[in-house]
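I opened this notebook to keep track of what I looked up. The entries follow the order in which I went through the structure.

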Amino acid sequence: MQFAWTAPIVPILQDAESSYPITHTDIIWLQSIFMIGGLAGIPFIIYGVNKFGPKTTILMGTVMGIISWMLKAFAPTTVYFYVARFISGFAANADFVATPMYISEIADKNVRGFLGSSIYLMMSIGILIMYSVGPFVSIPVSSAIGCSFLVVELLIFSFMPESPYYLLSKGKIGETKKALLLLRVTSDNIGQELEGIQAIVKSRQEETKKRRYTDLVTMKASRKALTIVTTLNCAQHFSSFSVILMNLHTILNHADTSWGAVESAITFSACMLGAALLSSAVIDRMGRKVLLCWSSTLTGLSILTLATFFTVKNAGIEVDDYSWIPAASTLCYAVFFRCGLGLIPIVLTAELFPADVKAMGMATALAMYSLSSAASTYLFHYLHEAYEMHVPFYIFGVCCFLTTLFTHFYIPETKGKSLAEIQIILNNSCTTTKDTKSDVQIVLSK
């Protein structure tokens, strides 16, 4: 909900009767400062996960989220919105770092994939709620609705056990057993699972001691993984994801679409949710590379269609008979983007990095995600003001086609391959040791 907050709220702030007079610069900062907060929060969230555990870090993020919503609800000036957006971006790292880690470490292997993908489904649901509620109620009311979800989370999640992996890393064997007993349906295999966790924790601690941050670029496999993940994270936002998500109502209002900006935005978020459900079901059947190529190409076509409409409209040509095109283009964008480009980079981030530098690699990927989001948002507003709406969308469309070429010629297909096989591909090696395969399989079992 925080990510999509500006799309329905900015038109309210721009209304003539609004008590918060804002400028175009204010809009840029309200959108960018969310990602700046996210970037600033990365080292603190990683420190919190290692020092206090994933569960405690998630609860800390929840409290920060509640504070953010309260600041928005009672904000006397625009400055309070700035502070609230920064805090919410800072806290969002708990959702994208601590939460996936917590889920992977508490879930049974038979439901781990489903629970892991639920994070992005919940994100889509949050966007749908924000688009459905934000335009129709006051800022305090929409803030109260957003805050209510976090209050419920704080009350319920507090009773969940801490991650068994974290507890065991701190030598708390008794508490680890209690946590496993609460998390599992039966206690039949608790002893065997505890032994497996002990082996993984020991291996993880040894690997962490051996590796440095520079290994991300000095090791061939991790360097190629970093190149792929960094490029795809940038491609996500330079395909206009953040721009559309944070400015959808403004874009559709500017286009004078016949479908209605509010209604189109709600449909947009519903389509994105449906596409997320579909893509999570077919990603292991169709493969990452094929989906990513088709998604990037069709996403680019959707954006170029929108750019062409704005070009014709800005040229003074009558477009009333085609006013449905902007809404249709954004709906196609929602489906095509979420079916590949909006999902697969997250999957590849977890698959491509070697186990001993995975934490550093994922932190770097998250940093690039935040930076590219802020950069694409700033670029959109600058080009929109200087050269009209169509120019940034032409650039975003071209970036999508470049992503297709990059995917086709550089990214390996990882469908059906073990992590050991993926590392062989990245290293262009023909052999691997049995021990290496075993180590990677242990990490994969997490």
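Entry 1: I began with the second largest pocket. By class, I found 22 nonpolar, nine polar and two charged residues in its lining. For these classes, Ala, Val, Leu, Ile, Met, Phe, Trp, Tyr, Cys and Pro are nonpolar, Asp, Glu, Lys and Arg are charged, and the others, Gly among them, are polar.

I noted the ground rules next. This is a predicted model, in which local features need pLDDT of at least 70 and side-chain atom pairs count only at pLDDT 80 or more, while totals for chains, interfaces and linings use all residues. Residues are numbered from 1 along each chain as its sequence is written, and side-chain values use heavy atoms, with hydrogens and water left out.

Which residues lie nearest the centre of the second largest pocket? They are Asp95, Met122, Met123, Leu150 and Glu153, out of 33 lining residues. The elements giving two or more residues to this lining are α3 (54-73), α4 (78-106), α5 (112-133) and α6 (139-157). Helix α4 supplies the largest share, 10 residues. The pocket holds about 1200 Å³ of space.

I wrote down the terms. A pocket is an open set of points on a 1 Å grid over the protein atoms alone, with protein on both sides within 12 Å along at least five of seven lines; a 1.4 Å probe fits at the points, and lining residues have an atom within 4 Å of one. The volume is the space filled by probe spheres set on the points, which are joined across faces, edges and corners. Helices are DSSP runs (H or I, at least four residues), numbered from the N terminus.

**Entry 2: α3 against α4.** I looked at how these two helices meet. Their axes come within 8 Å and cross at roughly 155 degrees. That makes α3 roughly antiparallel to α4 (over 145 degrees; under 35 is roughly parallel, 65 to 115 roughly perpendicular, the rest oblique). Axes are lines fitted to C-alpha atoms over the stretch in contact, and angles run from 0 to 180 degrees between N-to-C directions. The crossing is left-handed, meaning that the near helix is turned anticlockwise from the far one by less than a right angle; clockwise is right-handed. The contact residues divide into 16 nonpolar, six polar and four charged.

I then picked out glycine 65, in helix α3. Is glycine 65 buried or exposed? It counts as buried, at 7% relative accessibility (buried is under 20%, exposed over 50%, partly exposed in between, with a 1.4 Å probe and protein chains only). Glycine 65 and glycine 89 are 24 residues apart in sequence and 8.8 Å apart in space, C-alpha to C-alpha.

**Entry 3: two further helix pairs.** Helix α1 (residues 6-14) packs on helix α12 (residues 241-255) at about 45 degrees, with the axes 6 Å apart. That makes α1 oblique to α12. Their crossing is right-handed.

For α14 (residues 288-314) and α15 (residues 325-341), the axes come within 8 Å and cross at roughly 160 degrees. These two are therefore roughly antiparallel. Their crossing is left-handed.

**Entry 4: positive phi.** Most residues other than glycine have a negative phi. I looked up two with a positive one.

Serine 240 has a phi of about 80 degrees. Serine 240 lies in the loop between α11 (220-237) and α12. It counts as buried, at 0% relative accessibility.

Glutamate 388 has a phi near 80 degrees. Glutamate 388 sits in the loop between α17 (358-387) and α18 (390-410). It is partly exposed, with a relative accessible area of 37%.
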